[in-house]
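User: Hi! I would like to learn how to read a model like this one, feature by feature. Could you walk me through it?

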Amino acid sequence: MVDLMGGNFMSSKKEQHWSKTRSLTFTVLAVWAVIAFVIHWAGDALNSPAFPGAYFMAGMGSQIAFAILIFWFASRQNKIDEEFGLEEK
Amino acid sequence: MIKLEGGFVANLGKVYGLYTLGFLGFVILMGILEAAGVENTIIGWMFVAFTVAIYALIGILSRTMESDQYYVAGREVPAVYNGMATAADWMSGASFIAMAGGIYLKGYPYMAFLVGWTGGYVLVASLIAPYLRKFGAYTVPDFIGTRYGGNLARFCAVFILVIASFTYVTAQINGTGTVASRALQIPFELGVWIGLAGILFCSMLGGMRAVTWTQVAQYIVLIIAYLIPVFWMSNKLGYGLIPHFAQFEAVGRVQELEAQLGIGALMPTAEAQAAAGKLAALKVGINDASNNFMEKWKFFTLVLCMMAGTASLPHVLMRYFTTDSVRNARKSVGWSLLFICGLYLTAPALATFTKLSLLDPNVATSIIGKSFSEVSNLEWIQQWSNVGFLKVIDGNGDGIVQINEFFMRGDIVVLATPEMAGLPYVISGLVAAGGLAAAMSTADGLLLAIANALSHDLYYKIIDPKADTKTRLIVARIMLVLIGAAGAFVASLKLTSILGAVAWAFCFANSGLFFPLVLGVWWKRANRAGAIAGMVGGFGAGAWYLYMVQFAGMTPWMGIDGLRFGMIGMPVSLILMVVVSLMTEEPDAETQKMVDEIRIPSGKVVSDN
């Protein structure tokens, strides 16, 4: 009986953890899709006489944004793991 | 050394700091020797011999007979160093040698590779790597085999891994051959076998442990070699100290020149192109970004295929098996991307400054608009024409070199830039060492991925589950030598250009493995029948499509050519996997529990190696 309750408590904690993990991942993928696809779909429209915007986004902007996104994701995910006590000890 | 191992990991900063200083000292020493009149060939030899000897030494010092060390480097690699090793593992001969040249010759559409090969890491970090680290597999097929159960699923994964990685590794061995033959002035075929010997020395005795620590050393060499010439050129041309910021002004200048020189308007004559063969003249602008649906679609599909491929290539994913925790596996993906950016953000700048060096009439090294006799007498033109990397053909017979009369192979943008821009030979030697490091480090990772899949998954898990550790590790090494020899043999046949084969590897991997890997973590309902259908169907459809457009003369559908056949394979794989999974029974409770376990970082690894 005690075991069963412990099990339920554990599994609901795990479920909540997974549901938060999932929504974080969807957020990451949404941002990723914008940086990876939506921006570049604009193509030539990013260019102006003052600045080669399309060249900048394809050659530098997207890459830097991806790197920031991954580090942000890693720290958010750590917080979620810690919130439910499911981080590595 | 084995006793010092704990001490070694704790002292990584010191060890690699000293190593970096030592390497810079070596470069300066070579510069002094050059100034003292030592011949170029000797300097080239010294660069190759010195760096390869160091990698081999690290490989020998890291030898091991423990399976944990051999397959996953003991799972003790810190996030930053794993990031560096992944960057070297990732950046192949194609990234180092061919990427800047691709941007130079093909312009904006080619930059889809830059976006795809970096954005894929977001998928690695968020969808796959931390979960596979928690799972605790030795190889990628090990995950597929355990998650879905059964030898058939495992075998399908091994098969796709071997095809994708082997396609890739021949390109790398080809790259080592190209660089070695140029730097050492030896025949290409011999260069290929010398390159292979170096690669095997790094990986055979110590497996993943040895490859990890050599890859870190190789990253340091390749990034120094890539950055120095670009910084030099940016400053020499007067655009500024940091080429990454200076390149945007330079792009403006290149675009002015494009209008003046008729780039995009002036096409090579048919006879000249026929005489030039596979060499290409510059026909597109530097920043002619997509402005119609088809161009945008082609950019999009290439980015998507390269990203999904990044997240399915086993030699990359297995690097994250070596970190000391799930937490660090995630962080390590970020570090990998930062180290990769060190080169990828530099490639467009290199292409742009090379254009200025060649095209801008105000720059002394320019050749366009100069007389034919003057250009043909330049030393670097003669040297690279002799090896078939470039050709100047007076198409209209006016005695002046126009933009449509200068034909080249993309590779020379990196390999010949130092000579083109009039830098001392020591920089050329450095670039050769860097190209070699890039190709060798990727070949190491790929060979290990293939050999480990064959020894661990095919031999140990399927053929002889009772084999003891010693036998398994001996089998692993025999596989390594056999696969390496096979790769070198195929490379010496020179079947395809470096980049063609690389893009194929990405599409083979994403067609067959992307959805089985992702859904294995993210969809509990995915089962064995679905995964097998997804792997066989996706890979089969992709391979069939590649054959049709590349060899059977079919017109590509919607612009989906041989570089993008994952656009066919991936949807087939997804649909089959979902439909077949839903039509068959859901996985048993034990498997579902296993999926729950890999979704949380805490607790023991799931796999039982």
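Analyst: Gladly! Let us begin with burial: a residue is buried if 20 or more other C-beta atoms lie within 10 Å of its own, exposed if 12 or fewer, and partly exposed in between. Keep in mind throughout that this is a predicted model.

User: How many of the residues of H16(B) are buried?

Analyst: By that cut-off, 17 of the 19 residues of H16(B) are buried, so this helix is largely enclosed by the rest of the structure. As for its geometry, H16(B) reaches 27 Å from its first C-alpha to its last, close to the 27 Å expected at 1.5 Å a residue.

User: What does H16(B) give to the side of chain B that touches chain A?

Analyst: Start with the contact as a whole: 41 residues of chain B are in contact with 40 residues of chain A. H7 (112–135), H12 (243–261), H14 (293–310) and H16 (326–344) of chain B each supply at least two residues of the side that touches chain A. H16(B) gives the most to that side, with 10 residues. By class, the side of chain B that touches chain A has 24 nonpolar, 10 polar and seven charged residues.

User: What span should the 18 residues of H14(B) have, and how far apart are its end C-alpha atoms?

Analyst: The 18 residues of H14(B) should span 26 Å at 1.5 Å a residue, and its end C-alpha atoms are 26 Å apart, which agrees. Buried residues in H14(B) include B:Phe299, B:Phe300, B:Leu302, B:Met306 and B:Thr310.

User: Now the partner. How many helices and strands does chain A have?

Analyst: Chain A has two helices and zero strands. Of its 89 residues, 33% count as buried.

User: What is the mean pLDDT of chain A, and where is the pLDDT below 50?

Analyst: pLDDT is the predictor's confidence in each residue, from 0 to 100. For chain A the mean is 88, and 89% of the residues reach 70 or more. The pLDDT is below 50 over residues 1–6 of chain A, and this stretch has zero contacts in the model beyond near neighbours in sequence.

User: Which residues of the largest nonpolar core touch the most other members?

Analyst: That core has 242 residues, and A:Ile70, B:Ile128, B:Leu222 and B:Ile450 touch the most other members. H22 (425–463) of chain B gives the most to this core, with 21 residues. The core also draws at least three residues from each of domain 1 and domain 2 of chain B. Take B:Ile450 as a close-up: leaving aside neighbours within four places in sequence, B:Ile450 is in contact with B:Leu161, B:Val162, B:Ser165, B:Phe166 and B:Ile483.

User: You mentioned domains. What are the bounds of domain 1 and domain 2 of chain B?

Analyst: The domain assignment gives domain 1 as 5–265 + 283–354 + 422–598 and domain 2 as 270–282 + 364–420 of chain B. Their C-alpha centres lie 31 Å apart. The contact takes 23 residues from domain 1 and 17 residues from domain 2 of chain B. On the domain 1 side, H6 (93–106), H17 (347–359) and H22 of chain B each give two or more residues. H6(B) has the largest share of that side, eight residues. By class, the domain 1 side has 14 nonpolar, seven polar and two charged residues.

User: Can we turn to backbone angles? What is phi at B:Ala73 and at B:Arg75?

Analyst: The general idea is that most residues other than glycine have a negative phi. B:Ala73 has a positive phi of about 50° although it is not a glycine. Phi of B:Arg75 is also positive, near 50°. B:Ala73 is found in the loop between H4 (67–72) and H5 (79–90) of chain B, and B:Arg75 is found in the loop between H4 and H5 of chain B too.

User: Are B:Ala73 and B:Arg75 buried or partly exposed?

Analyst: B:Ala73 is buried, with 26 other C-beta atoms within 10 Å. B:Arg75 counts as partly exposed because it has 17 C-beta neighbours inside 10 Å.

Technical notes: Residues numbered from 1 in each chain as written. Chains lettered and ligands numbered in written order. Predicted model: local features only at pLDDT ≥ 70, side-chain atom pairs only at ≥ 80, totals over all residues. Core = buried A, V, L, I, M, F, W, Y, C linked by C-beta atoms within 7 Å. Helix = DSSP H or I, 4+ residues; strand = E, 2+ residues; numbered from the N terminus. Domains from an automatic or database assignment. Contact = placed C-beta atoms within 7 Å. Nonpolar A, V, L, I, M, F, W, Y, C, P; charged D, E, K, R; others polar. Expected span 1.5 Å × (residues − 1).
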